[in-house]
Amino acid sequence: MKKFVSAVVSLSLGIISLTANAASLTTKGSTQATIHGFTYTQFAWDKQTTGLPDLSNMPGPDPNSIAKYNTPLYKSTYNKVNSQAESWLTRLYFGFKNPDVRVKGLIVGDFKGKSEDGNMGIFRMRQAWVEHDLCNFNIRVGQAYILEEMHSSISLASVAPAGFENKKMKRVPLVRISTSIDLEKANINLALAFQSGNKLAVSSGKDTKNKALFVDRYTIPYPAARVITTFGTGFGAPAEVYTWGAVIPVYVSDKNGANIADKSETSYAFGAGLRLPVYTFKFGFNFHHTDGATGYSGLTDFEPASYYLNKNGGIEKTSTNTFNINVVFKPTKSISLGGEYDHVKFDNNILPSDPKVETLIGNIKIKTTKVTMLGIEWRHIKAKNFDVVGAGDDEFSGDQVYAIYKYLF
């Protein structure tokens, strides 16, 4: 990491000037560079869940099946409390801007990467993109957040609740074109992107019991479009309405290619949401539907596959319907109180039943100083019908408490 920072500083060929919140780098040319970030520590207490903050939005198997089926939740967590902690999300932002040619860029990294032997704490790249300002259009190229990532949950924890944690596909290489239209009383932001996340959005099958198919390749990055409208309401800060859609082409096969071999399939997804500030309150509602794209729902190893082989040798898609509703109350400048309900359900005629996960969230965020924040969050998770290992109706519920401390610099 020291070599990485030294390299960035050396490339600047200039002087580092420290301020209270960031370091600015004066470069030899006309490029302006800044560095900022935050240090982050999260403690988690998980009862009857995975015991890992990374995976804590996932359901667990029936306790009677733990000894029989080797799954990511093989640890005996039933009716027990596990404590975990991490500081790997400590993050660095390197921003670059050249006003002369109307170009800016961003490099973001944290320490959540893994070494070859599986040890955590290795510096990893999260984002790395450059954006050109061409009259009224901005063109972004590189690894960045996908258009569909609207940060829809108010959760303070490192992993969002089931249904809104598209962890595997949150940031991908892409080409994005965006523009804004000012209508005086409203502002409309339009964006179109081609994103290389096809295999991540369309989940390959680990559910061999139900003959799940896997994605073997894709030929083009998938297109996605988004519209965000911001407008005043007279009740405080402006409100925001958004909608997005994506079409995701892939090729799928069964295990040995005996029945389905490299067959072209097209998944799609769309979503919409509202953020409505009313004085000291902020209300939110978010919804998305997917057809053959379960990767948006964030259950990693326990989500149903996107495609299955049916009894007649055909293909069945898994669809999802996901929504949440939340509210944040800010009685003072330093304190915020929040609550949220999340719901995700998977539908496929191949599955014995429709898996679903519900999550309740309550949290408090305290600004302890101008640059530090303490967050406390409680979650209750309830999952049903995750019959993906042949153990019957895997009904499950669990609780979590997070404590987070962050220093912004």
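Two rings of Phe, Tyr or Trp count as a pair if their centres lie within 6.5 Å. This is a predicted model, and by that rule it holds 10 aromatic pairs.

**Stop 1: ring pairs.** Select Phe281 and Phe329. Their ring centres are 4.7 Å apart and the planes meet at 25°, so the pair is stacked. Phe281 belongs to strand 15 (residues 281-291) and Phe329 to strand 18 (residues 319-329), so the pair ties together parts 48 residues apart in sequence. Phe281 is partly exposed, at 36% relative accessible area. Phe329 is partly exposed too, at 28%.

Next, select Tyr407 and Phe409. This aromatic pair is tilted, with 6.2 Å between centres and 40° between planes.

**Stop 2: charges over rings.** Select Arg217 and Tyr251. Arg217 lies over the face of Tyr251, 3.8 Å from the ring centre. Then go to Phe38, where Lys406 lies over the ring face at 4.5 Å from the centre.

**Stop 3: the cores.** Which residues touch the most other members of the largest nonpolar core? Select Tyr222, Ile248, Val252 and Tyr296; the core has 26 residues. Strand 13 gives the most to this core, with six residues. A second, separate core has 14 residues, including Tyr93, Leu106, Leu156 and Ile404.

**Stop 4: the surface.** Select Phe43, Trp45, Val81, Leu360, Ile376, Trp378 and Val401. They form a nonpolar patch with about 610 Å² of accessible area together. Strand 3 (32-47) and strand 21 (372-384) each supply at least two of its residues. Val401 lies in strand 22 (residues 396-408).

Methods
Residues numbered from 1 in each chain as written. Predicted model: local features only at pLDDT ≥ 70, side-chain atom pairs only at ≥ 80, totals over all residues. Heavy atoms only, no water. Patch = residues over 30% accessible without salt bridge, like charges linked within 9 Å, V, L, I, M, F, W, Y side chains within 5 Å. Areas by Shrake-Rupley, 256 points an atom, 1.4 Å probe, with all protein chains shown as cover. Salt bridge = Lys/Arg side-chain N within 4 Å of Asp/Glu carboxyl O. Helix = DSSP H or I, 4+ residues; strand = E, 2+ residues; numbered from the N terminus. Core = buried A, V, L, I, M, F, W, Y, C linked by side-chain atoms within 4.5 Å. Buried < 20%, exposed > 50% of the residue type's maximum accessible area, 1.4 Å probe, protein only. Phe/Tyr/Trp six-rings, centres within 6.5 Å; stacked < 30°, edge-to-face > 60°. Lys NZ or Arg CZ within 6 Å of the ring centre and 35° of its normal.
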